[in-house]
Amino acid sequence: MNQLAIVITAYNRAESLKNLLQSLSRLRTDQRDITLVISIDNKGTDEVNGIANEYTWNFGDKKVFIHEEKKGLVNHFIWAGDQTRDFDNVIFLEDDLLVSPCLIDSAHQIIDYYSDDEEVAAASLYNPIICELTGEKFHQVEDGYDFYFLQQPYWGNIWFKKDWEKFATYLKNYEENKKILPKSIASWEESFKKIYIQYLIENSKYVVTPRISIVTNLGIAGLHSDIGQYHAQNTLLIKKTNYRLCKLKDSNSVYDAFMEISSEILKRNNSELEKYEFIVDTRGVHQSYELPYVLTTKPVKKSIKQYSSLMKPTELSVFFNQKGNSELKFCKREDVVESRAYYFRRRYSDIKKNYWVGIQAGLCITLDTFRRLLSITWKKIFGG
């Protein structure tokens, strides 16, 4: 069995750390050789340090590191991954997470299957329910397996020793390349995730991601959000499961850094697209296209093929050749039209597609009322 450590990074959120440690106390495992490492940045606080030092860990050794200097998020995350030098694999947890009681069993299944896979860089233990690039729902193709592949790392990472060594080597010569990143991610100032996504893209690697989360994010306010991110809460696995796992080549659920499905999978499932080289842009996130054709929900001058945008996920309309509202267009890249109105309409389309009609009606009434009031005000001020 692989040697395993759990590494927690903390700073000044005492209640969050306490919640995470309480959830770790509920783990269902017979193992007693799991090392728990609690790493506290910038001296921490008396309360945080006290919680870490006083916590009783019943599944192996416990180590507490209180760093005198401020590492910051990027360097602290890298420090956590570097613990793979002493352990075969590391479960990396931030202090605002809550873990499933099945964490250890799930981790071992993932490690046994994927830790030597050249196409898999790491694992995530959280399934994102929101596409952070657009704020819309993120559905994935259900292909019969319990994990899918994504070129983004989310919360509760498992860093495999073998691939972290490759990433550490990559870091030595890392140069930011904003052109290959989604625009919103490229704009982040300091971000470990931005660096790691670029590593995944440049090395054609993926993170295996569960359909049922093994950790959830409590959404508590922190360095990157002072109002909390409660929409990030997700369902949590509560019972041991024997996972159905597959290699990337056998999956029909592979998503890139733009959270778009692989074009090769669409070709595999719809023969009318086999002869084309194209970019998938169903979310309208791409700013430019390096291939001659595009599958997009943006407005276009002329389309070659049209599909419905109403299936969940949207790309299933291509799988099943659904025409529907014809808002998903396949066209030449030069025929894509950039429109500011598209980005406003995109959020409303997501609400209409994913939420009850009563909410839609309420929004429509609100918007209609707003338009009337605006019209009345305009006439009073400017006349006519």
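This report covers strand pairing, a helix crossing, a tryptophan and the cysteines of a predicted model.

**Strand β17 and its partners**

Strand β17 spans residues 328-332. The strand is mostly covered, with four of its five residues buried. Two pairings are described here. Strand β15, residues 293-296, runs antiparallel to β17 and is joined to β17 by four bridges. Within this pairing, Tyr293 has Lys332 of β17 as its bridge partner. Strand β16, residues 305-307, also runs antiparallel to β17, with three bridges between them. Here Lys305 stands opposite Phe330 of β17. In a regular strand, side chains alternate between the two faces of the sheet.

**Helices α5 and α7**

How do the axes of α5 and α7 cross? Helix α5 covers residues 161-172, and helix α7 covers residues 192-202. Their axes come within 11 Å and cross at roughly 105 degrees. Angles of 65 to 115 degrees count as roughly perpendicular, so α5 and α7 are roughly perpendicular to each other. On the α5 side, the contact is made by Asp163, Trp164, Lys166, Phe167, Tyr170 and Leu171. Helix α7 contributes Phe192, Ile195, Tyr196, Gln198, Tyr199 and Glu202. By class, this contact of α5 with α7 has eight nonpolar residues, one polar residue and three charged residues.

**Trp79 in helix α3**

Trp79 lies in helix α3, which spans residues 72-81. Which residues does Trp79 contact, leaving aside its neighbours within four places in sequence? They are Val7, Val37, Ser39, Phe65, His67 and Lys71. Val7 is 72 residues from Trp79 in sequence. In space, the C-alpha atoms of Trp79 and Val7 are 9.7 Å apart. Trp79 counts as buried because its relative accessible area is 15%, and the cut-off is under 20%.

**Cysteines and burial**

How many disulfides does the structure hold? The count is zero. A disulfide is a covalent bond between the sulfur atoms of two cysteines. Cys131 is buried, at a relative accessible area of 0%. Cys246 is buried as well, at 3%.

| Residue | Relative accessible area | Class |
|---|---|---|
| Cys131 | 0% | buried |
| Cys246 | 3% | buried |
| Trp79 | 15% | buried |

Note on methods:
Residues are numbered from 1 along each chain as its sequence is written. This is a predicted model: local features need pLDDT of at least 70, side-chain atom pairs count only at pLDDT 80 or more; totals for chains, interfaces and linings use all residues. Side-chain values use heavy atoms; hydrogens and water are left out. A disulfide is a pair of cysteine sulfur atoms within 2.5 Å. Buried means under 20% relative accessible area, exposed over 50%, partly exposed in between (1.4 Å probe, protein chains only). Helices (H or I, at least four residues) and strands (E, at least two) are DSSP runs, numbered from the N terminus. Two strands pair if DSSP finds at least two bridges between them. Axes are lines fitted to C-alpha atoms, for helices over the stretch in contact, and angles run from 0 to 180 degrees between N-to-C directions. Angles under 35 degrees count as roughly parallel, over 145 as roughly antiparallel, 65 to 115 as roughly perpendicular and the rest as oblique. Contact means heavy atoms within 4.5 Å. Ala, Val, Leu, Ile, Met, Phe, Trp, Tyr, Cys and Pro count as nonpolar, Asp, Glu, Lys and Arg as charged, and the others, Gly among them, as polar.
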